[in-house]
Protein chains: 6
Amino acid sequence: MLSPDFTGEVICLREGPVSLESACDEALVAGPLLREVKVAEAEGYDAICIDCAADPIPRAIRELIHIPAISAGEAAITIALVLGDRFSVITVLDSTRRIIEGNIRKCSLTGRCASVRAVGIPVLALDDLDRATDAILKEAGSAVEKDGADVIVLGCTGMSSSMNRLRASLDVPVVDPAEAGIRVAESLARMRVSHSRKCYPATPSKEIKGAYLSSLGII
Amino acid sequence: MLSPDFTGEVICLREGPVSLESACDEALVAGPLLREVKVAEAEGYDAICIDCAADPIPRAIRELIHIPAISAGEAAITIALVLGDRFSVITVLDSTRRIIEGNIRKCSLTGRCASVRAVGIPVLALDDLDRATDAILKEAGSAVEKDGADVIVLGCTGMSSSMNRLRASLDVPVVDPAEAGIRVAESLARMRVSHSRKCYPATPSKEIKGAYLSSLGII
Amino acid sequence: MLSPDFTGEVICLREGPVSLESACDEALVAGPLLREVKVAEAEGYDAICIDCAADPIPRAIRELIHIPAISAGEAAITIALVLGDRFSVITVLDSTRRIIEGNIRKCSLTGRCASVRAVGIPVLALDDLDRATDAILKEAGSAVEKDGADVIVLGCTGMSSSMNRLRASLDVPVVDPAEAGIRVAESLARMRVSHSRKCYPATPSKEIKGAYLSSLGII
Amino acid sequence: MLSPDFTGEVICLREGPVSLESACDEALVAGPLLREVKVAEAEGYDAICIDCAADPIPRAIRELIHIPAISAGEAAITIALVLGDRFSVITVLDSTRRIIEGNIRKCSLTGRCASVRAVGIPVLALDDLDRATDAILKEAGSAVEKDGADVIVLGCTGMSSSMNRLRASLDVPVVDPAEAGIRVAESLARMRVSHSRKCYPATPSKEIKGAYLSSLGII
Amino acid sequence: MLSPDFTGEVICLREGPVSLESACDEALVAGPLLREVKVAEAEGYDAICIDCAADPIPRAIRELIHIPAISAGEAAITIALVLGDRFSVITVLDSTRRIIEGNIRKCSLTGRCASVRAVGIPVLALDDLDRATDAILKEAGSAVEKDGADVIVLGCTGMSSSMNRLRASLDVPVVDPAEAGIRVAESLARMRVSHSRKCYPATPSKEIKGAYLSSLGII
Amino acid sequence: MLSPDFTGEVICLREGPVSLESACDEALVAGPLLREVKVAEAEGYDAICIDCAADPIPRAIRELIHIPAISAGEAAITIALVLGDRFSVITVLDSTRRIIEGNIRKCSLTGRCASVRAVGIPVLALDDLDRATDAILKEAGSAVEKDGADVIVLGCTGMSSSMNRLRASLDVPVVDPAEAGIRVAESLARMRVSHSRKCYPATPSKEIKGAYLSSLGII
């Protein structure tokens, strides 16, 4: 999905939970994610896109690096803001739903959010595409009919395979976070603009106790 | 500033006030602007970017056409949202400042806006680049120091020529609305997504009285 | 409905769409409306009431003139604020509903609004009084029962003919925008107070291109 | 200040604190005020205006009677809402300021309020008109210059005598709560509309212990 | 329910309505309540808990005394804030519901409140424990299922007897205002911290007209 | 500071950064903190207090355990809510300030927060007590005078040693987060109430890659 004048690389974390569906998952993935982010910046990438709609540890990432970093969830919501008055997010589990609701409150975007709904299917079970798409369609329909959503945002980058059927079936625009993340990351790179160091002050360097944590080489 | 795989055209309105700095200007430009927007869609463009940071008549434009339409001001604010907690807009006149403040309220983004400040220089006088840039720097400095802005958004597309000096002088990111408008328009076109018809219902067709207004051929 | 010591005049626009139900309608009516407003001030009226609950171009009107100007929709909402905690607006079409929702957001009154509902009947079809009143009663009932409205505001000045039956049928107060507009306009005139020039700076005078637009003689 | 077709009566409370400047004052005046309100309704008045900008016990008053009741403070704020984006209230003491701030929060109008400022002069000392007006002008000036007020609302009905000098000296509109209360009360009476019984349910009748409280004859 | 190192006393008001269910009740109880509060401070208590979930006259109480004063309703809501994202209050009557909704708005906690629901049973009829508990369970269930409540707050201290069955029947935490009031009062006493005199300025001393009101000896 | 009928234990993390001042610190401490929290629950404690005013990973902690868990920062803010209309937090560094501002937004308590200010002294340098207390007093004074704070909340549990001088010097109440954390933890334990499982769904169990992360034994 990259534009013709961009090249990129997908980096899968080698450590941490196999999916991110809860705040505990986010806590456990924090160290490995920060390490990879720091490596990517050192390797000269122009921008980073975290391919997760739950937007893990965005402040820590931005404290750590200077190149622009965007997460799939916030990118998708950002795009949704220009498509209609109110969006709904359809995500996997209740635990994920609560994380996304908190992200939206933290971004002061509650007034634009019609609802966050969960389909009750874990990330790794989205492979059953028909079942997943049926469930997404059901919740998206309720979001539009009952909650007043003008736009649907998918709340898991594992849902991208459902996009074709969702677009064909829904009367409102649907935003794929995986694609939105790339679009916003590219836009920031093209504009040669990055996050505000004033907002994200560099973390003070300090002693890190413990062999594993200090071996991450983060701060 | 277009990406290599995109081509575009700049269309200047042949009727209306020579600059847009007030709600009266916005009211007067409405007819000619809607006519050009409708023509552009008919000519097959993939997306439209209104090159004005005061974001004139966004709802009317989206009622009228099916291709994605973005305005420079809302595009710049959208980009600013992912760069820091709070942005300030630096615009030309108090009359423009009030319009932009209203746009931000209407978009329920007040919680993200540190301030909107005016330099007191009309659009057509921005040609005096040194004076304009000095004035923008002064207000941007106050926005950062006094109002708590993390990001500066230029509130007039006529301010783009000041970008180089602003970037060199300010410690926070600066967003150029002219460039942001193109980036967001391209992103929407690439994602093949447009504004929600549910949010922007098509205007009912009806009799238009008056030779000029009916000659616009809008509805 | 004027008080005994007031006289007034109803001025119908000779140009523009025959009803105002969308943002496109509002855009098209802007020029003719501003011209009449300016004429009315020149003729010595003490106050102006725009007889439309969608509140077209309020900022442009107030930039242009010094006498107090009120629009029927905002007047009705203003009255509703002192009658209960939350009001609902019942208007004609979804396109109008969206405009009114935006007006309420722009006025930072979202916290007081239970809902805006549309009856799905165009302005010119309100002539079928029984059908119109039945539809208003149905939506007003839902607003009270489901949305928690304490007060009903009619969202179209063409609905005034339904007032008698609505009042007799509903247990909550109903506000007629046509009457509220006159009441607030009179109040402002009696108080010899007008809108804040600081909030509504005069539009800068400038060249207007195009024979029709410059013939309006607005700025 | 009544319109020519209205007559009214000013009723002074015979019991309670000699001025209302604190929540304790409001608590002490509650019984006598409710008694007079009930008497006034029984005597056939069309509307009641509580001549106090601190708006004492508005819910209790509306629970008790069926005719419209408005208080000077909320009436003045209501009028201010149609004159500019943001208003400031200038009141007597810090204790009164806190009451008014609470009233504004309770009415969900915080987004429209630039500030509430106190002149530090008790109600009964407003008789020193020059000193009072000087102090009001000073705080109103700060409200306009520093807080961003578009409109000034006087926060004490005892300040009406300063109106002429305030209007002559300030560039923004000034709203007198005593006059606003009458204007809104008249408007409600003319519109034959009263507060929502759904919002203000009648207080359940019950035993009142204590000779004085039961003698008030309120519930 | 007091901690082992605390002793306390329950003081019943000898004057006023026999239950507090409306703003009129609150107005009538104001004088006797303030008198007892002042007496309690004079007797050397370390803190005061007003045993009512409608939180009568909190500002007047805090203006009057220096020791910490907490009311059962606000204490319960305070505890609820750390147990989940959104709470619902289940109270007795619609008149009480409206008071509590106003308290929540005044405390700027609307964003945390899922709903306030009334069981339609007056305080003195809560003695029919089975009926009361059934009704509370029904509304609490709706609050959790329909309104999205994470935590239930009882909105009347007379509902404490239902706590055992409520806890056994509901899957979300339930907060008893009577107990919460004691917990918060004790916490404030242990921390040797009281309400801000800056926020609650002492009420100015002044003449009180009327034999009863002046005999209360409040200000 | 524990009540006489409570016993407790202070557990220092053996791994992680030596102080928590940034989102990176929070990310690095997440694993060790979750491990200790889980151990503490297994050991039979009635409640957990995280002794840090930056409130690290509150959702992850509550997903993981059933006993009540409170963090010092949110406990202090909770206590501050009942002491005045608006509080200010005085914390160590700008990086910490941004975390606390985000926590307040996430808790929808922005309307109660006057400001968050940083003294510019790292946690480990608070040992210089005079310098630290002077700096806290300076920022607290500005919070009260300029920002309108009614209550001061210390934004670092390392600031407790300054409490005596702060209380003696400031005219507004000061809340120590270390003490507030214990008070609220005890209160929850006494009330036998814990966080809502509905709000904090248990994290789904899953494969954790990496020797260190899986050795934590968290999920």
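Lys106(B) is the residue of chain B that comes closest to the rotation axis, with its C-alpha at 2.2 Å. That axis takes chain B onto chain C through a turn of 180°, with a shift of 0.0 Å along it and an RMSD of 0.0 Å. This is what a two-fold axis does. Keep in mind that we're looking at a predicted model.

**How chains B and C meet**

- The copies use the same surface, because 100% of the interface residues of chain B are also interface residues in chain C.
- Each side puts in its share: 48 residues from chain B and 48 residues from chain C make up the contact.
- Between them, chain B and chain C bury about 3,800 Å², and carbon and sulfur atoms give 65% of that area.
- On the chain B side, the residues that lose the most area to chain C are Leu28(B), Arg98(B) and Lys106(B), which together account for 17% of what that side buries.

**Polar and charged links across B and C**

- Four salt bridges are counted between chain B and chain C.
- One salt bridge pairs Asp25(B) with Lys206(C), and their closest N and O atoms sit 2.5 Å apart.
- As for who supplies the chain B side, the elements giving two or more residues are β1 (16–17), α1 (23–42), α2 (58–64), α4 (94–106), β8 (208–209) and α8 (211–215) of chain B.
- Sorted by class, that side of chain B holds 25 nonpolar, nine polar and 14 charged residues.

**Strands that pair across the interface**

- β1(B) is joined by two bridges to β8 (residues 208–209) of chain C, and the two strands run antiparallel.
- In that pairing, Gly16(B) stands opposite Lys209(C) in β8(C).
- As a general point, strands of a sheet pair through backbone hydrogen bonds, in either a parallel or an antiparallel way.

**A sheet inside chain D**

- Chain D has an open sheet of four strands in the order β5-β4-β6-β7, with parallel pairing.
- The edges belong to β5 (113–118) and β7 (174–175) of chain D; each has a single partner strand, so one side of each lacks a neighbour in the sheet.
- β7(D) is held to β6 (residues 151–154) of chain D by two bridges, and these strands run parallel.
- Across from Val174(D) in β7(D) you'll find Ile152(D).

**The other chains**

- Chain F goes onto chain A by a rotation of 180°, with 0.0 Å of shift along the axis and an RMSD of 0.0 Å.
- Lys106(F) has the C-alpha nearest that axis in chain F, 2.2 Å from it.
- Both copies use the same surface here too, as 100% of the contact residues of chain F recur in chain A.
- Chain A and chain D, on the other hand, share no contact, and their closest C-alpha atoms are 14 Å apart.
- Chain B and chain E don't make contact either, with closest C-alpha atoms 14 Å apart.

Notes: Residues numbered from 1 in each chain as written. Chains lettered and ligands numbered in written order. Predicted model: local features only at pLDDT ≥ 70, side-chain atom pairs only at ≥ 80, totals over all residues. Heavy atoms only, no water. Contact = heavy atoms within 4.5 Å. Buried area = accessible area lost by both parts, 1.4 Å probe. Salt bridge = Lys/Arg side-chain N within 4 Å of Asp/Glu carboxyl O. Nonpolar A, V, L, I, M, F, W, Y, C, P; charged D, E, K, R; others polar. Pairing = 2+ DSSP bridges. Least-squares fit on C-alpha atoms with pLDDT ≥ 70 in both.
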